[in-house]
Amino acid sequence: MAKYRIVRTDFWKNPLVSEEMTPEDKYFYLYLLTNPHTTQTGIYRITKKQMAFDLGYSIESVHSLMERFTRHLKLIRYNPETRELAIKNWGKDNLHKGGKPVMDCILSELKEVEDTSLISYVSETILKEEIRSLYDSFCKPDLEKEVSNQVVDDTYPDTKCNEVDNPFMSRHTIRAQKEKEEEKEKQKQQQKEKAFNPNIENNPDIEDQSQNQKTKDVQEIIKFWDNNGFGFSNMNAKEQLLAWLNDSSFLQPKDVILKAMAIACANNKRRLNYVVGILKNWENESLLTANEIDAYQEEQNRVHKQSTKSFPGGRDIPSEFELDLTAGEE
């Protein structure tokens, strides 16, 4: 984690920034370049929920910005499985100096990157040959393995990994390589699913059951929302709340969301930001299940009762004492 990041003044002279970016785009891009999760390599791990929390945006807004920066502006890539983000022009703007300390730092950080395609993505804009070679060294083993499995007509004339920029390469070759990469990614995904659920191969209905359960969770939350006065026609708020089902650290997201909504109703605060505030507090306290939340609330209530317990003040009045209101009068 870096202590500081430098943004070049050329940032504001870039036509892409000055002509195509909205004020919100510029704010988001500066955040991507300078947030505490950034590394020396331009590749770092961050969740969309963390971005929303830091920026004060909704999850839906972050989704839209990520889509815009990936597809339209083409300035970043994001792997939703590994939660890794890569900034395309990081090398061009930041990696100008070499030397052993810098190279050692980059080497140690590149070893932590899970998606090596992001390494080649950043490598494209690195101008310093020494640093670029270090990046490419993390891609060559995968390239050699893929080349050895291809026929002669489908070999790479270039040593660069993943994306090939060669005018003499046929479209057929590039398409064949992309198909191989997609098949490889599909196999990796299947292996992950088997690792998390070893019975999935013997029971093909497990995936359908999981999808059906998600649908039921969504319907239950929407039903609670509509029946308790949160706003039947407020579709935007519903979508933002439902995003917590897939993009949160809760182990029982549906139960936790319903509990937060019930508390909002009890306090007559039927608003999305109130419910989200409750969920964020629980997440910050690492309360990931409904049982943990109940136990925590019981403990807080017990402590509150003890702190507010009243004790008699002053000294006891003797039982034989009598107050004479006429004393001192003649």
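Which residues in the largest nonpolar core touch the most other members?

## Nonpolar cores

This is a predicted model. Its largest nonpolar core holds 44 residues. Those that touch the most other members are L32, M51, F69, L85, I87 and Y135. Take I87. Beyond its neighbours within four places in sequence, I87 contacts Y29, L32, L33, G42, Y44, L75, I76, Y121 and V122.

A separate core has 24 residues, including F230, L242, I257 and L287. In soluble globular proteins, nonpolar side chains tend to be buried together.

## Helix 2 and helix 3

Helix 2 spans residues 23–34, and helix 3 spans residues 48–55. They pack at about 115 degrees, with axes 12 Å apart. Their crossing is right-handed.

Helix 2 brings Y27, F28 and Y31 to the contact. Helix 3 supplies Q50, M51, D54 and L55. By class, five of the contact residues are nonpolar, one is polar and one is charged.

## Helix 13 and helix 14

Helix 13 covers residues 253–266, and helix 14 covers residues 272–284. The packing angle is about 125 degrees, and the axes lie 9 Å apart. Helix 13 is therefore oblique to helix 14. The crossing is right-handed.

From helix 13, the contact uses V256, I257, K259, A260, M261, I263 and A264. From helix 14, it uses Y274, V275, I278, L279 and W282. This contact has 11 nonpolar residues, one charged residue and no polar ones.

Methods. Residues numbered from 1 in each chain as written. Predicted model: local features only at pLDDT ≥ 70, side-chain atom pairs only at ≥ 80, totals over all residues. Heavy atoms only, no water. Axes fitted to C-alpha atoms, helices over the stretch in contact; angles between N-to-C directions. Helix = DSSP H or I, 4+ residues; strand = E, 2+ residues; numbered from the N terminus. Parallel < 35°, antiparallel > 145°, perpendicular 65-115°, else oblique. Left-handed = near helix turned anticlockwise from the far one by under 90°. Contact = heavy atoms within 4.5 Å. Nonpolar A, V, L, I, M, F, W, Y, C, P; charged D, E, K, R; others polar. Core = buried A, V, L, I, M, F, W, Y, C linked by side-chain atoms within 4.5 Å. Buried < 20%, exposed > 50% of the residue type's maximum accessible area, 1.4 Å probe, protein only.
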